[in-house]
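Student: I have a structure open here and would like to talk it through. Could you help me read it?

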Protein chains: 2
Amino acid sequence: MSDDEGDRDEYGANGSNADLESVLATVRERVDPDADERSRLRAVATTLAERAADAATDLAPGADVLQVGSSARETWISGDRDIDVFVRFPPEIDRETLEEYGLEVGHATVPDGHEEYAEHPYVKGEVEGFDVDVVPCFRLESATEIRSAVDRTPFHNRYLVERLDAELAADVRLAKQFLKGIGAYGSDLRTRGFSGYLTELLVVEYGGFVPLLEAAADWHPPVELDPEDHAADVAFDDPLIVIDPTDPERNVAAVCSAENVARLQHYARKFLAAPSVEYFEPREPAPLTEAELREHLADRGTTPVAIRFETPDLVDDQLYPQLEKSLEGIVGGLEDRGFDVLRARTFAAETAVVFAELAVAERPAVERHLGPPVHVRDHAEGFYDAYAGDSDVYGPFVDGDRYVAEREREWTTARAFLESERLFDVGLGAHVETALEDGYDVLVGAETTALLPEFGRQLRAYFEPRP
Amino acid sequence: MSDDEGDRDEYGANGSNADLESVLATVRERVDPDADERSRLRAVATTLAERAADAATDLAPGADVLQVGSSARETWISGDRDIDVFVRFPPEIDRETLEEYGLEVGHATVPDGHEEYAEHPYVKGEVEGFDVDVVPCFRLESATEIRSAVDRTPFHNRYLVERLDAELAADVRLAKQFLKGIGAYGSDLRTRGFSGYLTELLVVEYGGFVPLLEAAADWHPPVELDPEDHAADVAFDDPLIVIDPTDPERNVAAVCSAENVARLQHYARKFLAAPSVEYFEPREPAPLTEAELREHLADRGTTPVAIRFETPDLVDDQLYPQLEKSLEGIVGGLEDRGFDVLRARTFAAETAVVFAELAVAERPAVERHLGPPVHVRDHAEGFYDAYAGDSDVYGPFVDGDRYVAEREREWTTARAFLESERLFDVGLGAHVETALEDGYDVLVGAETTALLPEFGRQLRAYFEPRP
């Protein structure tokens with residue numbers, strides 16, 4: 001059990017309105033930017049917009065500048081220091097020119113900035129303590145005409161600005177902090193959670209933070225929200241579907257995993273039953289010690305195995321999907337060979353790890369191979385002839401209406417399988433496969449203590465799941 | 001591998017007609033009764049029929065006597081010494097009187113006989129070296145009017161007598177001996193194989209022994225034969241269906257298991273491909289020695305477990321179904337708890353044994369308990385509340401869209417389960433349950449050598465299945 005549970009019980013089994021209001025007031029204290037923070041941000045943002053507009057209209061007279069994102073909508077959380085400046089160019093210019101102009105405007109706006117590459121190149125840098133992105137895009141009439149994802153941002157911004165009053169903006173801040181607290185905030189492919197835009201849409205749609213939690217507590221996925229009643233003829237296979245108000249063919253929640261939807265439901269219920277500020281506090285567990293790891297393993301009686309390799313040099317949005325794919329492949333490879341996996345997870349830092357906790361790590365020397373029904377003559381005779389006379393095989397014999405052969409099992413230990421070439425057949429992520437080709441360690445049982453201290457936090461989260 | 005395989009190869013991969021004829025001739029030498037045996041049997045049978053008829057007509061003027069069974073149809077195998085005498089009484093007499101008369105006639109026919117009890121009581125005894133049954137039944141117009149199973153016998157006899165010439169009768173002897181050789185002869189509930197009547201019907205239907213094998217080699221169960229084209233509106237859920245020529249609602253092969261049907265198919269193909277007399281020779285393996293058992297266990301790396309108890313005092317037709325039911329229950333009980341069973345069998349002599357060879361005999365201290373989807377709120381909250389705060393439980397936590405709890409496993413070894421009271425919950429045969437209540441031994445691993453020498457033959461058959 002984590003320590004969280006004990007703290008939470010102090011709030012009692014059922015939350016009263018007074019509890020709820022008092023908890024929300026405490027959280028607001030923390031997440032609402034004060035007047036000073038807001039005026040400082042506004043001042044910097046105005047300066048940046050002016051600089052960007054000057055540079056842009058010099059290059060293309062039809063250009064303009066938009067401040068977008070949470071800083072433009074007063075939905076940022078106190079202490080966040082991101083300012084996004086979108087520079088819109090007329091759609092007549094070509095993409096290459098757009099990129100060239102965009103970088104030129106970026107450097108003019110953020111003199112110490114550097115270039116980064118997403119869908120377009122853009123300039124990023126620090127100005128008076130704020131992290132500033134200057135992103136070029138096309139100015140379009142409708143979000144359905146977009147040429148790249150960034151072209152959509154101004155439409156999102158306009159939609160939300162029109163709907164977010166000061167009260168809803170404050171509730172967006174609560175919702176974001178709640179999602180951060182429960183580990184479900186962020187649409188990156190490591191988290192697969194709720195993006196800022198999605199969070200803002202949900203708060204607008206349900207009319208506030210608490211109404212959002214009350215609704216989520218009772219969701220029956222798939223949940224479909226269609227704020228602008230597009231009623232588009234597109235079928236989405238996702239647990240949460242929020243049709244983009246600016247684009248009927250897009251599910252804003254496409255990246256949000258079933259687990260994060262379930263997590264929101266779970267914590268919404270717990271929070272409403274017993275409000276506590278702890279739900280707004282991201283868990284930062286102390287690293288598991290070697291003694292604690294050994295104790296968990298002894299208590300559980302399982303056999304942990306780990307494949308450890310040098311982390312491929314990829315951005316997280318490429319790395320984690322590959323690690324997840326590799327995890328799935330390796331778990332499948334183990335289970336196909338009778339090494340039952342109780343639970344498994346992947347971690348990455350300097351090294352990357354596929355960690356699996358086995359309920360069965362060894363199998364006998366023989367395995368049962370069920371053949372075809374004896375009456376399917378061609379197949380049955382083929383099976384029989386393949387094994388008959390093989391002194392390493394028991395059978396083939398008739399068992400029920402089928403042939404059965406008890407033959408030598410290829411892998412009697414999980415370690416032997418993981419150390420073999422067959423590991424490369426399970427469906428690994430491409431860069432993971434390359435990394436493994438360069439070498440990897442297989443750790444079994446107490447050898448997994450070698451994962452400490454690097455993965456101490458991850459292992460505590462693994463062995464002491466948050467309630 | 002058994003030694004059989006080597007011998008069989010001498011006959012080559014494909015049988016020629018010459019091989020076949022020569023093998024069949026050799027077998028005929030063994031199974032055909034010679035003139036002397038036949039005349040001796042005929043003389044004794046005639047004497048018995050006369051004695052029975054005299055006694056029966058004294059009691060009921062309308063009575064008569066039939067000689068039935070293989071001795072009446074010349075389908076007995078040389079050395080078999082069974083003579084069945086059926087005494088038919090008019091249907092007007094009541095059942096009680098029938099039984100009384102039947103016993104009286106039986107004692108008059110077999111002076112040293114004793115009474116036995118099947119559906120009716122009857123007299124059994126030895127006369128001049130023959131085993132004689134004197135069985136009373138009703139003389140009915142049609143087999144569909146029968147009052148008990150024995151009333152059907154005269155109809156079966158008449159049907160077969162009309163169709164079996166000397167050549168077919170000789171082929172019936174081959175077929176019976178072949179089925180004995182492969183262990184598939186007998187409709188008792190231990191064997192669940194081919195009865196004599198079924199064997200004779202099949203030889204008649206296909207026109208001989210070799211045609212029967214040729215047909216069986218290509219059977220696609222369910223196989224339905226309806227010699228008298230009854231086309232009855234009765235659905236049978238059996239792999240082999242032979243509608244009784246004398247009763248459209250009866251499947252003569254109802255007791256024949258899928259495994260014995262498959263066994264006939266398998267050996268029919270092997271015999272036709274490479275004829276050999278060995279298929280007509282029942283396998284009588286030498287008992288497995290303790291050293292051999294230990295070697296098999298070491299080679300296979302499995303963990304054998306055995307439950308041994310005093311054999312319930314039942315006839316085989318009651319005992320074996322109960323043992324099979326208990327075997328199925330115990331295998332299910334083991335597998336439900338994660339103790340994977342590779343193969344299992346039941347044996348009986350002075351003691352009875354449920355023997356299971358485990359691929360997994362131990363499990364870790366924890367097991368994964370998959371809860372309901374989080375969104376099924378009532379069930380999900382019930383699951384969560386059942387485990388939350390229990391310091392012996394990991395979780396409950398959100399895994400995918402469900403709750404999962406990793407809780408203490410009740411049984412970490414197969415032995416502990418088998419020695420527990422929970423063994424009685426798996427669905428045991430009633431008398432097996434009573435026997436176990438009086439006490440039983442659980443043998444694990446090398447302890448199973450205690451099954452020797454009592455079950456040496458059964459264990460050889462288990463570890464060295466006939467190819």
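Student: Which strands of chain B does helix α10 of chain A lie across?

Tutor: Helix α10 (residues 258-273) of chain A lies across β13 and β14 of chain B, and runs at about 125° to β13(B). Contact means heavy atoms within 4.5 Å, and angles run from 0 to 180 degrees between N-to-C directions, with axes fitted to C-alpha atoms, for helices over the stretch in contact. Helices (H or I, at least four residues) and strands (E, at least two) are DSSP runs, numbered from the N terminus. Please keep in mind that this is a predicted model, where local features need pLDDT of at least 70 and side-chain atom pairs count only at pLDDT 80 or more, while totals for chains, interfaces and linings use all residues. Residues are numbered from 1 along each chain as its sequence is written, chains are lettered from A and ligands numbered from 1 in the order in which they are written, and side-chain values use heavy atoms, leaving out hydrogens and water.

Student: OK, and what order do the strands take in that sheet of chain B?

Tutor: The order is β12-β14-β13 in an open sheet of 3 strands with antiparallel pairing, where two strands pair if DSSP finds at least two bridges between them. β12 and β13 of chain B stand at the edges with a single partner strand each, so one side of each has no neighbour in the sheet.

Student: How many bridges join β12(B) and β14(B)?

Tutor: They pair over 6 bridges, and Arg368(B) has Glu406(B) in β14(B) as its bridge partner. Helix α13(B) packs on the sheet, touching β12, β13 and β14 of chain B, and its direction makes about 150° with that of β12(B).

Student: Switching topic, what is the area buried between chain B and chain A?

Tutor: It is about 4,600 Å², with carbon and sulfur atoms giving 56%; buried area is the accessible area (1.4 Å probe) that two parts lose on being put together, summed over both. In chain B, Arg269(B), His375(B) and Tyr394(B) lose the most area to chain A, together 15% of what that side buries.

Student: And how many salt bridges are there across the interface?

Tutor: The rule finds 8 between chain B and chain A, counting a side-chain nitrogen of Lys or Arg within 4 Å of a carboxyl oxygen of Asp or Glu. One of the salt bridges joins the side chains of Asp218(B) and Arg377(A), at 3.0 Å from N to O.
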